[in-house]
Amino acid sequence: MSTIIDIANTVFTPLINLGAAPLMTIVLTVIALFFKVKPTRALEGGIKLGIALTGIGAIIGILTTAFSGAMTAFVERTGISLNITDVGWAPLATITWGSPYTLYFLLIMVIVNIVMLAMKKTNTLDVDIFDIWHLAIVGLFAIFCGANLFIATALVIFIGVLKIWNSDLMKPTFNDLLNAPESNPMTTTHMNYMMNPVIMVFDKIFDKLFPWLDKYDFDAAKLNSKIGFWGSKFAIGIYLGIFVGLLAGQTPTQIFSLAFTAAVCLELFSLIGAWFIAAVEPLSQGITDFANKRLKGRTINIGLDWPFLAGRAEIWAAANVLAPIMLLEAIILPGNKLLPLGGIIAMGVTPALLVVTRGKLIRMIVIGAIELPLFLWSGTLIAPFVTQTAKAVGAFPSGLSASAQISHTTMEGPIEKFLGYLVGNASQGQIEFVLYAGLALAAYLLIFIWYARQMKKRNAAYAAEKEQKAAPSVANGNVAHAEAK
């Protein structure tokens with residue numbers, strides 16, 4: 001493995017020194033060409049990714065610069081030590097892709113996925129190349145905490161295999177939520193859905209103890225329509241700016257400046273986020289064509305990024321309600337030092353809630369509020385690693401002081417970050433951490449196995465329900481045909 005990393009360093013260090021945007025432009029273009037995407041389309045995707053990374057970095061810089069003074073004043077006035085800045089996901093993606101280990105983990109997971117397909121252990125071809133960083137950062141964090149490359153690789157493969165299996169388990173639910181036919185190829189291997197097993201535990205508790213709450217559930221599309229402007233992303237940015245400005249004791253002029261800056265940034269987060277999807281579209285199509293030619297006669301699902309579900313109103317309605325809850329929890333939660341900013345729109349939380357609850361909005365909000373502390377604690381835990389690495393690769397936001405720490409509130413895979421921490425420390429031979437890591441990995445696997453069984457039962461029940469609904473239609477069609485004769 002050391003030889004592979006040495007080769008990767010030799011080949012990629014000059015590219016890494018160019019910066020994250022040029023690096024990813026080149027990497028994505030080359031991979032797309034490998035899958036026989038037309039050169040112009042391959043280059044188009046690569047350039048779009050570079051533009052998206054640059055755009056997100058610029059918006060993060062504006063947001064962190066605007067909020068740094070208010071956050072400092074807020075901490076001084078309240079005595080609450082929320083001294084870690086939430087810079088959103090883009091800097092974390094940048095520092096992760098700035099490491100040659102990420103390219104190594106990408107290669108490993110491509111091989112694992114191909115082997116699983118060849119052995120018919122999965123029907124999903126993962127083409128969500130960019131989001132490998134969610135998994136890679138777990139391996140990088142384990143290395144930061146003391147693991148060697150072999151152990152970090154084993155951890156990445158362990159989580160990656162479960163992640164791919166999860167995409168198969170969720171496929172019928174995606175068809176249901178999208179009202180799509182069985183031939184629909186879309187699924188996802190995104191890390192945020194690895195919260196599904198924990199969410200399902202609470203969903204089952206709801207089934208046993210609080211099933212009566214479901215009768216008070218409401219239609220999210222109608223709620224968003226009624227809320228209108230007041231629930232929009234830029235309105236949430238204004239609320240956030242006013243809230244932090246008041247807590248910081250700023251003047252009205254400063255408060256409104258902060259509020260409108262936050263509004264612009266939160267609105268642009270969503271806009272620029274769509275550029276990443278457009279950037280990988282040529283590569284996704286190339287891999288799809290490759291699979292169709294080489295794997296004829298077999299159904300292959302395509303693992304995309306999560307936003308193909310973004311049209312479901314429940315995702316945004318739950319995020320709107322969870323935003324103020326997240327701020328409150330951040331202030332009162334013991335052990336948390338992270339103030340939500342870039343992650344205030346809880347996109348690392350709500351898609352998984354939608355899949356497990358199948359859009360039951362009350363359950364999404366309640367379970368979301370229960371699991372948010374995991375994200376806050378995880379963000380606090382990983383902050384030293386993120387800060388040190390960001391400085392090393394030149395991705396540390398310029399608007400912050402050199403002594404500040406950065407992280408992300410709703411970063412996907414909070415449980416996996418704790419696993420990386422435990423495994424990394426256990427690698428140092430500390431008996432206490434070896435025990436904790438062993439128990440944590442066993443619990444993680446057992447809960448996933450239980451979850452997989454529940455999903456298979458639910459999928460079977462869903463298929464039977466569809467057959468029952470289809471049966472009367474078929475019968476009626478036969479009767480009509482007979483009468484016509």
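Visitor: Which helix gives the most to the lining of the largest cavity?
Guide: This is a predicted model, and in it helix H5 gives the most to the lining of the largest cavity, with 4 residues. Helix H5 covers residues 100-118, and helix H6 (132-144) and H7 are two further helices that each supply at least two residues of that lining.

Visitor: What volume does the largest cavity have, and which residues line it?
Guide: Its volume is about 120 Å³. Among the residues that line the largest cavity are Leu 106, Met 109, Val 110 and Asn 113, and the list also includes Asp 126, Ile 132, Lys 163 and Ile 164.

Visitor: How many cavities of 30 Å³ or more turn up in the whole structure?
Guide: A search of the whole structure finds 2 of them. In general, it is rolling a probe the size of a water molecule over the atoms that shows where empty space is left.

Visitor: Okay, new topic. How many salt bridges are there?
Guide: The count comes to 5 salt bridges. One of them joins Asp 176 and Arg 358, whose closest N and O atoms are 2.4 Å apart. This pair links distant parts of the chain, since Asp 176 belongs to helix H7 (residues 149-178) while Arg 358 lies in the loop between helix H13 (350-357) and helix H14 (361-392), 182 residues apart.

Visitor: Are those two buried or partly exposed?
Guide: Asp 176 counts as partly exposed, at 29% relative accessibility, and Arg 358 also counts as partly exposed, at 22%.

Visitor: And what is the phi of Arg 358 near?
Guide: The phi of Arg 358 is near 55°, which is a positive value in a residue other than glycine. Lys 120 is found in the loop between H5 and strand E2 (124-126), and with a relative accessible area of 65% Lys 120 is exposed.

Visitor: Back to salt bridges: which residue does Arg 363 pair with?
Guide: Arg 363 forms a salt bridge with Asp 203, and the closest N and O atoms are 2.8 Å apart. Here too the pair links distant parts of the chain, with Arg 363 in helix H14 and Asp 203 in helix H8 (residues 196-209), 160 residues apart. Both Arg 363 and Asp 203 are buried.

Visitor: How far apart in helix H3 are Arg 41 and Glu 44?
Guide: Because Arg 41 and Glu 44 are 3 residues apart in helix H3 (residues 39-78), they are separated by about one helical turn. Their side chains meet in a salt bridge, at 3.3 Å from N to O. Arg 41 is partly exposed, with a relative accessible area of 33%, and Glu 44 is partly exposed as well, at 30%.

Notes
Residues are numbered from 1 along each chain as its sequence is written. This is a predicted model: local features need pLDDT of at least 70, side-chain atom pairs count only at pLDDT 80 or more; totals for chains, interfaces and linings use all residues. Side-chain values use heavy atoms; hydrogens and water are left out. A salt bridge is a side-chain nitrogen of Lys or Arg within 4 Å of a carboxyl oxygen of Asp or Glu. Buried means under 20% relative accessible area, exposed over 50%, partly exposed in between (1.4 Å probe, protein chains only). On a 1 Å grid over the protein atoms alone, a cavity is a set of points where a 1.4 Å probe fits but cannot get out, and a pocket is an open set with protein on both sides within 12 Å along at least five of seven lines; lining residues have an atom within 4 Å of a point. Grid points are joined across faces, edges and corners, and a volume is the space filled by probe spheres set on the points.
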